[in-house]
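Subject: Structure for you to look at

Hello,

Here is the structure I promised to pass on. Please open it beside this message, and I will go through what was found.

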Amino acid sequence: MKDEKIKVLALLPMELPKEIELDNTLEAMQKFVDGNIECLTFYDSGSEVILVCNDEGKLLGLPLNRPLWDGADVLAGPGFLAGCDSEGNLTSLPQSAMDFYKEKFRAFIIEI
């Protein structure tokens, strides 16, 4: 990972998704999700997007955040969406993907 700030879509419990800048370091990511990170890849926006979340969030009794994959799973606790380069490094989320997921996750929070 490169030591710089990246623009990501923050997914916080019971809040609408919002664009933030985050240091592109393992320490900053672990602090944001409050634990060890798990990275999951999304492809449904036409861009490769990485969901970064707490790897034990569903086991720690954290508050419900957002349903994922049409309700088949939930995101518990804070997480964020970032882009990914060809070498697998996290990057700023492209604006088109930012807009796509902002609407997608906004709809989920309104349904809860």
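A word on terms first: a contact here means heavy atoms within 4.5 Å. This is a predicted model, so local features need pLDDT of at least 70 and side-chain atom pairs count only at pLDDT 80 or more, while totals for chains, interfaces and linings use all residues. Residues are numbered from 1 along each chain as its sequence is written, and side-chain values use heavy atoms, with hydrogens and water left out.

Confidence

The predictor's confidence in each residue, pLDDT, runs from 0 to 100. Its mean over the protein chain is 79, and 69% of the residues reach 70 or more. Where pLDDT is low, the predicted coordinates should not be read in detail.

Overall layout

The protein chain holds 2 helices and 8 strands, where helices (H or I, at least four residues) and strands (E, at least two) are DSSP runs numbered from the N terminus. Along the sequence they follow the pattern β-β-α-β-β-β-β-β-β-α. Of the contacts between residues at least 6 apart in sequence, 53% join residues at least 24 apart. One such separation in sequence is that of Pro 94 and Val 49, which are 45 residues apart, with their C-alpha atoms 8.9 Å apart in space. Pro 94 sits in the loop between β8 (90–91) and α2 (95–111).

The protein chain has 112 residues, and 40% of them count as buried; buried means under 20% relative accessible area, exposed over 50%, and partly exposed in between (1.4 Å probe, protein chains only). Pro 94, at 33% relative accessibility, is partly exposed.

The cores

A nonpolar core is a set of buried Ala, Val, Leu, Ile, Met, Phe, Trp, Tyr and Cys residues joined through side-chain atoms within 4.5 Å. The largest one has 15 residues, and those touching the most other members are Val 8, Leu 22, Phe 32, Val 52, Phe 80, Ala 82 and Leu 90. Two or more residues come from each of β1 (5–11), α1 (26–33), β4 (49–54) and β7 (79–84). The helix α1 gives the most, with 4 residues.

Ala 82 is worth a look: beyond its neighbours within four places in sequence, Ala 82 is in contact with Ile 6, Val 8, Glu 48, Val 49, Ile 50, Leu 90, Thr 91 and Leu 93. There is also a second, separate core of 11 residues, whose members include Leu 9, Phe 42, Val 49 and Tyr 101.

A buried asparagine

Asn 54 belongs to strand β4 and is buried, at 6% relative accessibility. Which backbone oxygens does the side chain of Asn 54 reach? A polar atom of that side chain lies 3.2 Å from the backbone oxygen of Val 33, and the side chain of Asn 54 also reaches the backbone oxygen of Asp 34 at 2.9 Å.

The cysteines

You will find 0 disulfides, a disulfide being a pair of cysteine sulfur atoms within 2.5 Å. Cys 53 is buried, with a relative accessible area of 5%, whereas Cys 39 is partly exposed at 43% relative accessibility.

Best wishes

Note on methods:
Polar contact = N/O pair within 3.5 Å; in protein donor to acceptor, adjacent residues only side chain to side chain.
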